[in-house]
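Good morning, and thank you for making time for this presentation.

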Amino acid sequence: MTAAYESADVIDGPKLTICKRCGWTVAFDRENRGICSDIRCRNYTNNFTDVEVVESPPIHYYRQRKGIVQFVGNPGVIELELENECRKLGLQTELWPDKDSYDLKITFHDGESWAVDAKDYSRAFLLKDKIEKDGKAIPQSHRWEAGFIVVPDERVRENRHYTRIVDQGIRQVGQRETVRCLKFTDFMEEVKKRVGGDSFEIGSKQII
C-alpha cells in the first residue's frame, strides 16, 4: 500500500481538484497555475479549467505516487485503448500475458500473434537505455511473430526522432528482426492493414 500510495493533503481550500486526464490531484500556485502528475495534462484540460471538483473531500485521503502514475497508470491507459481498438476489429486479445511479460497479445484470424508493450517515457533515450539495460525489448517467453513498443502520439510530436531512437536500442539487444517502435496511430494503421491481408516488414523480415 505505502509503496504505491501516499497520504495527500493537496486540497484547494475546501475543494479537491482532480485532473480528468491522469486522475491525479491538481495543485494551484499563487498565480492560479495548476500542476498535476504530467505536464501534458495542461493542454488536455485547457490549462486545468476542465477538471473534476470534489466539493466535500475527506479530511484524510491517499493518491497514487507520482512515479506509479507516470510509469504504470499512464501506460495502462494506452494498453486499454489498444485492446479496445483491436476488439472493435474482431481480434482476440489478452492483457498482460505470461505474468505480464508484456502488455497485450493480439491474435489475428489466421492464428498469427503480435506482442505489444505500451511505454510512456518523457525522453526517448531513457526508454532506449531501459531496453539496453534489460537486454531485450519484449521477452520471447512464448510464441509471437512480431513485437511492438507502442508510444503515445504526443511523444513523437514532441520529438520526431523518438521511435528511431528507441529502435536503436531494440537493434542493440538483437531484436531488430522482430520488434519495432511505433506511435499509437501508426501501430493501429498496421493492425488494420494486417486485418485486411496486407504484409508488414520489421527489419528485413516480412510479416504476412
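Predicted model: local features only at pLDDT ≥ 70, side-chain atom pairs only at ≥ 80, totals over all residues.

Let me start with a question: does F48 count as buried or exposed? At 5% relative accessibility, F48 counts as buried, where buried means under 20% relative accessible area, exposed means over 50%, and partly exposed lies in between, using a 1.4 Å probe and protein chains only.

Residues are numbered from 1 along each chain as its sequence is written, and side-chain values use heavy atoms, with hydrogens and water left out.

F48 sits in the loop between helix 1 (41–44) and strand 5 (51–54); helices (H or I, at least four residues) and strands (E, at least two) are DSSP runs numbered from the N terminus. Its backbone deserves attention, as F48 has a positive phi of about 65° although it is not a glycine. Most residues other than glycine have a negative phi. W96 also has a positive phi, near 50°, and is likewise a residue other than glycine. W96 is found in the loop between strand 7 (92–95) and helix 3 (97–100), and it is partly exposed, with a relative accessible area of 42%.

Now the chain as a whole. The protein chain has 7 helices and 13 strands, and its C-alpha trace spans about 60 × 35 × 35 Å along the principal axes. Of its 208 residues, 44% are buried. Where contact means heavy atoms within 4.5 Å, 63% of the contacts between residues at least 6 apart in sequence join residues at least 24 apart.

D38, in the loop between strand 4 (34–35) and helix 1, is buried at a relative accessible area of 9%. Leaving aside residues up to four places away in sequence, D38 touches R21, N74 and R155.

I come now to the helix pair. Two packed helices are described by the angle between their axes and the distance between the axes. How do helix 4 and helix 6 cross, and at roughly what angle? The axes of helix 4 (residues 124–134) and helix 6 (residues 162–172) come within 8 Å and cross at roughly 10°; axes are lines fitted to C-alpha atoms, for helices over the stretch in contact, with angles running from 0 to 180 degrees between N-to-C directions. The two helices are therefore roughly parallel to each other, a term for angles under 35 degrees.

Helix 4 contributes A124, F125, L127, K128, I131 and E132 to the contact, and helix 6 contributes Y162, I165, V166, Q168, G169, I170 and Q172.

Which residues of helix 6 are buried? They are Y162, T163, I165, V166, D167, G169 and I170. Their cover includes helix 4, strand 10 (146–151), helix 5 (153–158) and strand 11. Just after helix 6, G174 takes a positive phi of about 80°.

Finally, strand 11 (residues 179–183) contains V179, which is buried with a relative accessible area of 3%. The C-alpha atoms of V179 and N43 are separated by 32 Å, and these residues are 136 apart along the chain.

Terms used:
Parallel < 35°, antiparallel > 145°, perpendicular 65-115°, else oblique.
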